[in-house]
Amino acid sequence: MAISEESKWVKLKPIEATAESFEEYGQVVEASPDGEEFGPRDAQLDLSHGIPRFYIMHLQDRPLKFSKITHHASVTQCLGSVGGHVWYLGVAKPTIVDKQTPESKDHEGKNVVQSRCATGHFYVPPVVANVRVFKITGPKFLKLNHGTWHAGPLFRADTMDFFNLELSNTNVVDHTSHDFVKANGVEFLIDEQL
């Protein structure tokens, strides 16, 4: 990770998303033979807090940079490119903590914040140094664990379509965001040349 002092950009080199490289954030799910029984390579989902919503999300103008990151506390989420095109996702590990007061500190002394969304859960804001970017190539999708911070999907094309599995009201009642420009004075830029 390189920080440019004059522009306050944090440049991140993408990591190819594999089962091993992505395991702290969720799962990479790839094709399996028809008839194979459910197992650990399948998406381990939690859609128990509402009505599942599986849809095709059409996105435009999502260049390889971001300054905001989001998490969902009550649901796992799956994202995958229709057609298996290359795309990117910024992530940080989940930072949800047990119920505390907003003035509390976690075990490492970091400030604990209460989400303004309907879940009202508590979390520690993500740290700039903990943000990573993954590159997703080919016919696979990502399953995000509860609370995994994510920015994207991001891509080079003008438009792309994505499969999205979450709850019908995830973006209404379970959408907590962190603005790195406001809180940390930085933006992230994906740079494959690092």
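1. A polar contact of 3.4 Å joins the side chains of Glu166 and Asn171. The term covers a pair of N or O atoms within 3.5 Å; within protein, one must be able to donate a hydrogen and the other to accept it, and residues adjacent in sequence count only if both atoms are side-chain atoms. This is a predicted model, in which local features need pLDDT of at least 70 and side-chain atom pairs count only at pLDDT 80 or more, while totals for chains, interfaces and linings use all residues. Residues are numbered from 1 along each chain as its sequence is written, and side-chain values use heavy atoms, with hydrogens and water left out.

2. Strands (E, at least two residues) and helices (H or I, at least four) are DSSP runs, numbered from the N terminus. Glu166 is buried but has no salt bridge. Buried means under 20% relative accessible area, exposed over 50%, and partly exposed in between (1.4 Å probe, protein chains only). Arg53 is the nearest side chain of opposite charge, 4.6 Å away. Here Lys and Arg count as positive and Asp and Glu as negative; His and the chain ends are not counted. A salt bridge requires a side-chain nitrogen of Lys or Arg within 4 Å of a carboxyl oxygen of Asp or Glu.

3. What surrounds Glu166? Leaving out residues up to four places away in sequence, Glu166 touches Leu47, Ile51, Pro52, Arg53, Tyr55, His72, Val75, Thr76, Gln77 and Asn171. Contact means heavy atoms within 4.5 Å.

4. On confidence: the mean pLDDT of the protein is 91, and 91% of its residues reach 70 or more. pLDDT is the predictor's confidence in each residue, from 0 to 100. Over residues 3–7 pLDDT stays under 50, and the model has three contacts for them beyond four places in sequence. Where pLDDT is low, the predicted coordinates should not be read in detail.

5. The salt bridges come to five by this rule. One of them pairs Glu36 with Arg41, the closest N and O atoms being 3.6 Å apart. Glu36 is partly exposed at 42% relative accessibility. Arg41 is exposed, with a relative accessible area of 52%.

6. Lys135, Arg156 and Glu192 are linked in a network of salt bridges. Glu192 meets Lys135 at 3.6 Å, N to O. Glu192 lies in the segment after strand 18 and Lys135 in strand 13 (residues 132–136), so this pair ties together parts that are 57 residues apart in sequence. Glu192 also bridges to Arg156, again with the closest N and O atoms 3.6 Å apart. Arg156 is in the loop between strand 15 (149–154) and strand 16, so its pairing with Glu192 ties together parts that are 36 residues apart in sequence. Glu192 is partly exposed at 26% relative accessibility. Arg156 is exposed, at 59% relative accessible area.

7. Strand 2 (residues 9–12) runs parallel to strand 18, joined by four bridges. Two strands pair if DSSP finds at least two bridges between them. Leu12 has Ile190 as its bridge partner in strand 18. Strand 6 (residues 65–66) pairs with strand 18 in the antiparallel sense over two bridges. There, Phe66 is partnered by Phe188. Phe188 and Ile190 form the covered face of strand 18, while Glu187 and Leu189 form the uncovered one. In a regular strand the side chains alternate between the two faces of the sheet.

8. An open sheet of three strands has the order 10-12-11, with antiparallel pairing. Strand 10 (96–97) and strand 11 (113–114) stand at the edges with a single partner strand each, so one side of each is left without a neighbour in the sheet. Strand 11 pairs with strand 12 (residues 122–123) in the antiparallel sense over two bridges. Gln114 stands opposite Phe122 in strand 12.

9. Two backbone details are worth checking. A cis peptide bond joins Gly152 and Pro153, with omega about 10°. Pro153 lies in strand 15. Asp61 has a positive phi, near 50°, and is a residue other than glycine. Asp61 is in the loop between strand 5 (52–60) and strand 6. Asp61 counts as exposed, at 56% relative accessibility.
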